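Grab your viewer and work through the exercises below. Try each one before you read its solution.

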Amino acid sequence: MKLLVLGLNHKTAPVDIRERLAFGPDIIAGALRDLTGCQDVSEGVILSTCNRTELYCAIEDGAELSVRHWLSQFHGIELERIDPFLYAYAERDAVTHLLRVSSGLDSLVLGEPQILGQVKNAYQTAKDCGATGKLLGRLFQHTFSVAKTVRTETAIGSNPVSVAFAAVNLARQIFSDLSQQTALLIGAGETIELAARHLHNNGIGRIIVANRTVERAHELAAQFDGFAIALTEIAGHLADADIVIASTASPLPVLGKGTVERALKKRKHRPMFMVDIAVPRDIEPEIADLNDVYLYTIDDLKEVIDENLRSRQAAAEQAEEIIAFHTEEFLAWLRSLDAAGLIQDYRLRGEALRDEVLARALRQLDAGKPPAEIVKFLAHTLTNKLLHAPSSRLRQAARDGDAEILEAANELFQLDTNNRTANS
């Protein structure tokens, strides 16, 4: 089996393409079963975040095109429409890519820690669905270990920068004094929790958390002296919000243009700062056309984020060295799998020859032959049978002038060439 990564991310595809190829939590399990049900795909993990959709697969040789077709057919989009945005990595490049992704080196925010948790969740989901096996199981466990090493041995995670941090930093530029502002956070996942923490640390006046599950919203809001509402209550509180940050897993927008227009009238057109960091988008794009609304998407935050990355560049170079070393380590294990089958076959053949000669020796013992004679027969016959095939191949290699096989045999059997020359 071969390793394949097929996907797209914030560097290769705009947000409208990424959201069309996203896998929501409600369809992941079915998608994994469908993917691994393909004839040439034995294992699969689907990683789907705001910034990327990636398929990690164990496939038969030449099955990459089948995986491309599966991705387009599953989402009902022509392959020609999405193919220019896709990248594919195999074997060594696939291993390196996953290690870089999990260590935060391929993220919109260099070194951001959230992606490792997302990779772990993606793997656990695939494992629970029975979509992983020996190959991806070993790869992802190796990845988690390497990502931990990168975090502990480099400064890649210092000077906190994230999409949430960038959103709050931008809010501070628009509203110099956050203590007079109210923030409405839509969603209750890790990104929203980070945004709430950054807002709280920057002295935000009030926090409202809206979520589909109100209990989860209450848990999050309580940490920051805020209050919780259901998604259905957003319209009644939107006019109070100076800052809106949205990040849910909803397949459809949760905030429409009409709702925002009514809220602006109640606010007497005081400006609203809105950040949509969800894929698919939570806030209808048309809202950006409204006066007094400053709407930013996840792609718009890149310029803000770039300013916070300089301190991580040296750490990133160190992390790349760690990843290069551990890529080779995994590939060595992968190559050992090829040898494992060969070794097993060779041992089975040796055991079969042993059993054959042993049976003949036991018959001679039953016939009354002297034990010493039988032991000599056993040793001589077994040695000849075990060495016959290798000896024939070496003689043929010598006749053909195949120095590579002869040298390999010299190393494999640890033959003493100097001693043989001295005795000849």
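**Exercise 1.** Does Lys 11 count as buried or exposed, and at what relative accessibility? Then find its salt-bridge partner.

*Ground rules.* This is a predicted model, where local features need pLDDT of at least 70 and side-chain atom pairs count only at pLDDT 80 or more, while totals for chains, interfaces and linings use all residues. Residues are numbered from 1 along each chain as its sequence is written, and side-chain values use heavy atoms, with hydrogens and water left out.

*Solution.*
- Step 1: Lys 11 has 54% relative accessibility, so it counts as exposed. The cut-offs are under 20% relative accessible area for buried, over 50% for exposed, and partly exposed in between (1.4 Å probe, protein chains only).
- Step 2: The partner is Asp 106, with the closest N and O atoms 2.6 Å apart. A salt bridge here is a side-chain nitrogen of Lys or Arg within 4 Å of a carboxyl oxygen of Asp or Glu.
- Step 3: Asp 106 is buried, at 4% relative accessible area.
- Step 4: Lys 11 sits in the loop between β1 (2–9) and α1 (15–20), and Asp 106 in the loop between α5 (92–102) and α6 (114–128), so the bridge ties together parts 95 residues apart in sequence. Helices (H or I, at least four residues) and strands (E, at least two) are DSSP runs, numbered from the N terminus.

**Exercise 2.** Which residues are linked with Lys 11 in a network of salt bridges?

*Solution.*
- Step 1: The network links Lys 11, Arg 52, Glu 54, Arg 100, Asp 106 and Glu 320.
- Step 2: Inside it, Glu 54 and Arg 52 pair up at 2.8 Å, N to O. Both Glu 54 and Arg 52 are buried.
- Step 3: For the whole structure, the salt-bridge count is 19.

**Exercise 3.** What is the N to O distance in the salt bridge between Asp 242 and Arg 270?

*Solution.*
- Step 1: The closest N and O atoms of Asp 242 and Arg 270 are 3.5 Å apart.
- Step 2: Asp 242 is buried at 6%, whereas Arg 270 is partly exposed at 43%.

**Exercise 4.** Which residues of helix α10 are buried, and what do they pack against?

*Solution.*
- Step 1: In α10 (residues 214–223), Ala 217, Leu 220 and Ala 221 are buried.
- Step 2: They share one side of α10, because they cover an arc of only 100° around the axis, taken from the directions from the helix axis to the C-beta atoms.
- Step 3: Glu 215 and Ala 222, on the other side of α10, are exposed.
- Step 4: The buried residues pack against α9 (190–201), β6 (206–211) and β7 (227–230), with contact meaning heavy atoms within 4.5 Å.
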